[in-house]
Amino acid sequence: MKKVLVVAALMFSSVATFAQHAVGSFNLQPKVGVSIANLTDNNSSDARVGLVDGVEGEYQASDIFSVSAGVLYSMQGAKYDAFGAKSTEKLDYINVPIMANVYVVKGLAVKLGIQPGFKVSSSVKTDTSTPFGTGTGSHDIKAQSVDFSIPVGVSYEYSNFQLDARYNWGLTKVFENGKSKNSVFQITLG
């Protein structure tokens, strides 16, 4: 029985040592997940669910503090359903999150940072259904080329895997002639 307990303790301690990185270390982490995005100041829109994918690097500065930066492709925008027409505003970005991470317990970090985003594409796809027939159309829309947001989140790392949940609070207007800003919730696994 004693041997089983010793082996279990050794296994647990080896897993726990990987739950947070050594001071002075740097790790590179691929990430993939889902983004649930919408635009503010528009009560008639629904969330657009899309992909978030990329890589983040993290430098462990102390036992409880690290800094991370990344490059993430993020599908954002909104969906609308009005008068028999379903429209999807597709706003896709390359986001560059720069985050301060504070580990409150082993493996669990709270995060806060800044994030510039660079527009990759912006378009509207519309599907119409009327008594006269159905149709589909797509066209480009003019959105700002740079988007700034404040990412706030939490992550938990266990056995070299990290589950990250964050909210990106948009600071800049998406369109030149409007008030809407990006509002994005992301969940990723790294």
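Residues are numbered from 1 along each chain as its sequence is written, and side-chain values use heavy atoms, with hydrogens and water left out. Because the model is predicted, local features need pLDDT of at least 70 and side-chain atom pairs count only at pLDDT 80 or more, while totals for chains, interfaces and linings use all residues.

Strands β8 and β9 pair in the antiparallel sense over 10 bridges, where pairing requires that DSSP finds at least two bridges between two strands. Together β8 and β9 form a hairpin with 2 residues between them. The loop between β8 (146-158) and β9 (161-173) holds S159, and N160 lies in the loop between β8 and β9 as well. S159 has a positive phi of about 55° although it is not a glycine. For N160, phi is near 65°, again a positive value in a residue other than glycine. S159 is partly exposed, with a relative accessible area of 33%; here buried means under 20% relative accessible area, exposed over 50%, and partly exposed in between (1.4 Å probe, protein chains only). From the N terminus on, the order is α-β-β-β-β-β-β-β-β-β-β. Of the 190 residues, 38% count as buried. Among contacts (heavy atoms within 4.5 Å) with a separation of 6 or more, 59% come from residues 24 or more positions apart. The chain exposes about 10,700 Å², of which carbon and sulfur atoms supply 67%; accessible areas come from the Shrake-Rupley method with a 1.4 Å probe, and for residues only the protein chains shown count as cover.

The largest nonpolar core has 10 residues, namely L39, A78, Y80, L91, Y93, V124, I141, A143, V174 and F175. Strands β3 and β4 (85-95) each supply at least two residues of this core. Such a core is a set of buried Ala, Val, Leu, Ile, Met, Phe, Trp, Tyr and Cys residues joined through side-chain atoms within 4.5 Å.

Charged pairs come next. Side chains of opposite charge can pair when their charged atoms come close. A search of the whole structure finds 6 salt bridges, each defined as a side-chain nitrogen of Lys or Arg within 4 Å of a carboxyl oxygen of Asp or Glu. E56 forms one with K31, the closest N and O atoms being 3.9 Å apart. E56 lies in strand β2 (residues 45-60) and K31 in strand β1 (residues 26-39), so this pair ties together parts that are 25 residues apart in sequence. Both E56 and K31 are buried. K31 also forms a salt bridge with D164, with 3.8 Å between the closest N and O atoms. That pair links distant parts of the chain, K31 in strand β1 and D164 in strand β9, 133 residues apart. D164 is buried, as is K31. In a further salt bridge, the side chains of R48 and D92 meet at 3.0 Å, N to O. Since R48 lies in strand β2 and D92 in strand β4, the pair ties together parts that are 44 residues apart in sequence. R48 and D92 are both buried. Salt bridges that share partners join K31, E56, K111, D164 and R166 into one network.

Two further residues round out the picture. K119 is found in strand β6 (residues 108-130) and is partly exposed, with a relative accessible area of 29%. Leaving aside residues up to four places away in sequence, K119 touches D92, Y93, A143, Q144 and S145. The side chain of K119 reaches the backbone oxygen of A143 at 3.2 Å. K119 and I94 are 25 residues apart in sequence and 6.5 Å apart in space, C-alpha to C-alpha.

S66 lies in strand β3 (residues 65-82) and is buried, with a relative accessible area of 0%. A polar contact of 2.5 Å joins the side chains of S66 and E58; the term covers a pair of N or O atoms within 3.5 Å, where within protein one must be able to donate a hydrogen and the other to accept it, and residues adjacent in sequence count only if both atoms are side-chain atoms. Again not counting residues up to four places away in sequence, S66 touches E58, Y59, Q60, A61, M99, A100, N101 and Y103.

Methods
Helices (H or I, at least four residues) and strands (E, at least two) are DSSP runs, numbered from the N terminus.
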